[in-house]
Amino acid sequence: QAKHSGRETTAVFDEQLALQYERSVMVDTGLRQALQDDEVYVAYQPQIDLRDGSVVGVEALVRWHSAKLGRITPSEFIPIAERSQVIESIGLFVLNTALRDIGRLNRRLNQQLHLSVNVSSRQFWHSQFLLHLHHQLNTEGFPANLLTLELTESLAMENPERASLVMRAIQSAGIGLSIDDFGTGYSSLAYLKALPFDTLKIDRSFVKDIGVKDDDEAICKAVISLADTLGKRTIAEGVELQQQADFLTQQQCHFAQGFLYSQALAIDELEAFVAERTAS
Ligand code: C2E
Ligand code: MG
Ligand code: MG
Ligand code: MG
């Protein structure tokens, strides 16, 4: 009996693995074509200064609307793209598009919005990464000091010494660095202290339970005070409720982004959002 059910479990498990694999192959091949077919685009989520509610910048977030597979979230396709070289094409596409879009928006509205772009591991460790960055900034005439790259702590921990060198080179070009999803990885504080960056991004998982769980409030407080001690700024992600914004403001977190303010917007929607906010 036991043997029998064991075999059944294995069969179900294998089937799931096979389906998962099939889907990842579809996503991977679909992505290559999607870039050519203009199915991939960039949306922008506003970032808010908690002191006065003004829009200070945006985070570029990649979107894929597939004719064949429907909408696919970056949480699904980025990890798949990371396993092949297609992530490099996506990374370049997002950087190019975002620099052009936000550069244009800043000129049209006479603004100085910051742009944050997520960088994947493969992109970051690519030997030509810095060269590409310089080239793209020059081509678009985008001021380096308005660009911030978001790296995850796990990326930096893959090789802290080398990451530190690359990060220093990025900073010396005037480009900002922020540590994304902070608190969800396994970086030691000793390494964190040695890493050159400007901003800590408090992960949504901690923001979510502000007002619900005492220990998550304690974690937010601790991250803000840690950042403060290290002379860094903080931005909270996934802010959905006024109560969360109030708590973060009270703890002197600098910036916030989340559905309370806005979802990620198409570039023309973003322009309307910024125009309206700066007029009032
Ligand atoms: P992330 O960089 O931590 O981005 C924040 C994610 O939280 C985004 O999901 C955003 O839409 C979502 N979010 C923002 N505010 C709220 C909120 O108030 N409530 C909730 N529930 N969610 C909120 P998205 O766009 O699905 O992206 C997921 C992840 O995919 C990103 O996490 C990032 O790691 C990756 N990603 C997105 N775009 C890119 C890209 O262009 N390049 C790379 N390498 N990774 C990207
Ligand atoms: Mg991010
Ligand atoms: Mg994040
Ligand atoms: Mg996150």
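**Close-up views of a predicted model**

**View 1. Gly57 stands opposite His114 in strand 4.** The model is predicted. Strand 2 covers residues 55-66, and strand 4 covers residues 114-118. These two strands run parallel and are joined by four bridges.

**View 2. Strand 4 also pairs with strand 5.** Strand 5 spans residues 147-152. The pairing is parallel and runs over four bridges. Within strand 5, Glu150 is the bridge partner of Asn118.

View 3. Asp180 and Glu237 link distant parts of the chain, 57 residues apart. Asp180 sits in strand 6 (residues 176-182). Glu237 lies in the loop between strand 8 (233-236) and helix 11 (242-250). Asp180 is buried at 7% relative accessibility. Glu237 is buried too, with a relative accessible area of 13%.

**View 4. Asp180 bridges two magnesium ions, ligand 3 and ligand 2.** The two ions lie 3.7 Å apart.

**View 5. Cys220 and Cys253 are in no disulfide.** The structure holds zero disulfides. For Cys220, the nearest cysteine sulfur is that of Cys253, 8.2 Å away. Cys220 is buried, with a relative accessible area of 0%. Cys253 also counts as buried, at 5% relative accessibility.

Notes:
Residues are numbered from 1 along each chain as its sequence is written. Chains are lettered from A and ligands numbered from 1 in the order in which they are written. This is a predicted model: local features need pLDDT of at least 70, side-chain atom pairs count only at pLDDT 80 or more; totals for chains, interfaces and linings use all residues. Side-chain values use heavy atoms; hydrogens and water are left out. A disulfide is a pair of cysteine sulfur atoms within 2.5 Å. Buried means under 20% relative accessible area, exposed over 50%, partly exposed in between (1.4 Å probe, protein chains only). Two strands pair if DSSP finds at least two bridges between them. Donors are N, O and S atoms within 2.8 Å of the metal (3.2 Å for Na, K and Ca); water is not among the atoms, so sites may look incomplete.
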